[in-house]
Amino acid sequence: MNPSQIAVALWTLVVKEIRRFTRIWPQTLLPPSITMTMYFIIFGNLIGDRIGEMDGYSYMDFIVPGLIMMSVITNSYSNVASSFFSTKFQRSVEEMMVSPMPNWVILSGFVLGGMARGLGVGAIVTVVSLFFTELTMAHPLLTLLVVVLTSALFAVGGFINALLGKKFDDISIVPTFVLTPLTYLGGVFYSISLLPDFWQGVSMLNPILYMVNVFRYGFLGVSDIPVGWALSAILGFIVVLFGLALWMLENGKGIRS
C-alpha cells in the first residue's frame, strides 16, 4: 500500500471507532460525566470542606486533575478492549489481517479510536468541573501532552487485553482488579507525602501515580514526583507496550478467541 492508501485505511478505521462509541453515547459518554459529578459533589464539596487544603490548594482543586485523568484512563482502555475483542469475537478481525493494510495501521486505528473516546470524556469531565471550581493551567502544553500520552498508553493496554482475552468476562478482569485499584492508589485523592516512608516507596511502583502527578503539575504547578522522570516513564511504557502489541498482532497471538 502506498502512503495515500495507508492514510485512507487509517482514517476509515478511526472514523469507524469514533462512530461506534458516539452512536451509543448514553452508554459511553454520559455515565462517566454523571459518575465524576458525584465525585465532585461528595469528595470535593461535602468531604473536601472538612479536609481543607492539600499541598496549598483547596481539596476540590487538588482532586480535579486526578479525576479528569481517571476518566481518560478508564475510557481509553475500555473502549479499545471492548471494541477489538468484539471484532475478534465476530471473526471480522481475520478480514483486516488478510487485507493489504499493515498491522501497525490496524493497531494505530484502534488506539486512536480509544484515545478519541478517552480524551472526549476527559473534556466533558473538565467542563463539568467548571461548575464546581475555577480551573487554571500553570503549564497548558505539558497538560495537553501528558493527557494525550496517557490516553495512548492505556489504549494500547486495552488492545493487549483484548488480544489476550478468551471470553467477554476476560476484558473486565484487568479494569476491575488492576486498573481501578491502581488508579485509586495513584494519588488521585491524596498526596503521597501524607504516607509513611515505606508506603511512599511502594506507591512509586504504581505507574498511574506518575501520570496523575504530571497532569496535576500542569494544572497547579505541584507534583510529588519529578516531572522529567514521570514523562520518561510514560514514554517508556508506550514504546514497550506498543511494540508488544504489534508483535502479538503480527504473530497472531490471541487472534483466535
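Is lysine 16 buried, partly exposed or exposed, and what is its relative accessible area? I opened the notebook with that one, keeping in mind that this is a predicted model. Lysine 16 turns out to be partly exposed, with a relative accessible area of 39%.

**Entry: salt bridges**

I then asked what the side chain of lysine 16 meets. It forms a salt bridge with glutamate 17, at 2.8 Å from N to O. Glutamate 17 has 0% relative accessibility, so I noted it as buried.

How many salt bridges does the count come to? I got two. Besides the pair of lysine 16 and glutamate 17, I found the side chains of aspartate 170 and lysine 167 meeting at 3.4 Å, N to O. I looked up the accessibility here too: aspartate 170 is at 16% and counts as buried, while lysine 167 is at 47% and counts as partly exposed.

**Entry: helix α3 and the surface**

Next I went looking for nonpolar side chains on the surface. I found a patch formed by Trp25, Leu30, Ile34, Met38, Ile41, Ile42, Leu46, Ile47 and Ile51, with about 790 Å² of accessible area together. Which helix gives the most to this patch? It is helix α3, residues 30–51, with eight residues.

Is serine 33 buried or exposed? I have it as buried, because its relative accessible area of 10% falls under the 20% cut-off. Leaving out residues up to four places away in sequence, I found serine 33 touching Ile124 and Val128.

**Entry: the nonpolar core**

The largest nonpolar core has 76 residues, and Leu67, Phe84 and Phe159 have the most contacts inside it. Helix α4, residues 59–89, supplies the largest share of this core, with 16 residues.

What does phenylalanine 84 contact beyond its neighbours within four places in sequence? My list reads Val93, Phe110, Phe159, Ala162, Leu163, Leu249 and Ile255. I was pleased to see Phe159 there, as it is also among the core residues with the most contacts.

Key
Residues numbered from 1 in each chain as written. Predicted model: local features only at pLDDT ≥ 70, side-chain atom pairs only at ≥ 80, totals over all residues. Heavy atoms only, no water. Patch = residues over 30% accessible without salt bridge, like charges linked within 9 Å, V, L, I, M, F, W, Y side chains within 5 Å. Areas by Shrake-Rupley, 256 points an atom, 1.4 Å probe, with all protein chains shown as cover. Salt bridge = Lys/Arg side-chain N within 4 Å of Asp/Glu carboxyl O. Helix = DSSP H or I, 4+ residues; strand = E, 2+ residues; numbered from the N terminus. Buried < 20%, exposed > 50% of the residue type's maximum accessible area, 1.4 Å probe, protein only. Contact = heavy atoms within 4.5 Å. Core = buried A, V, L, I, M, F, W, Y, C linked by side-chain atoms within 4.5 Å.
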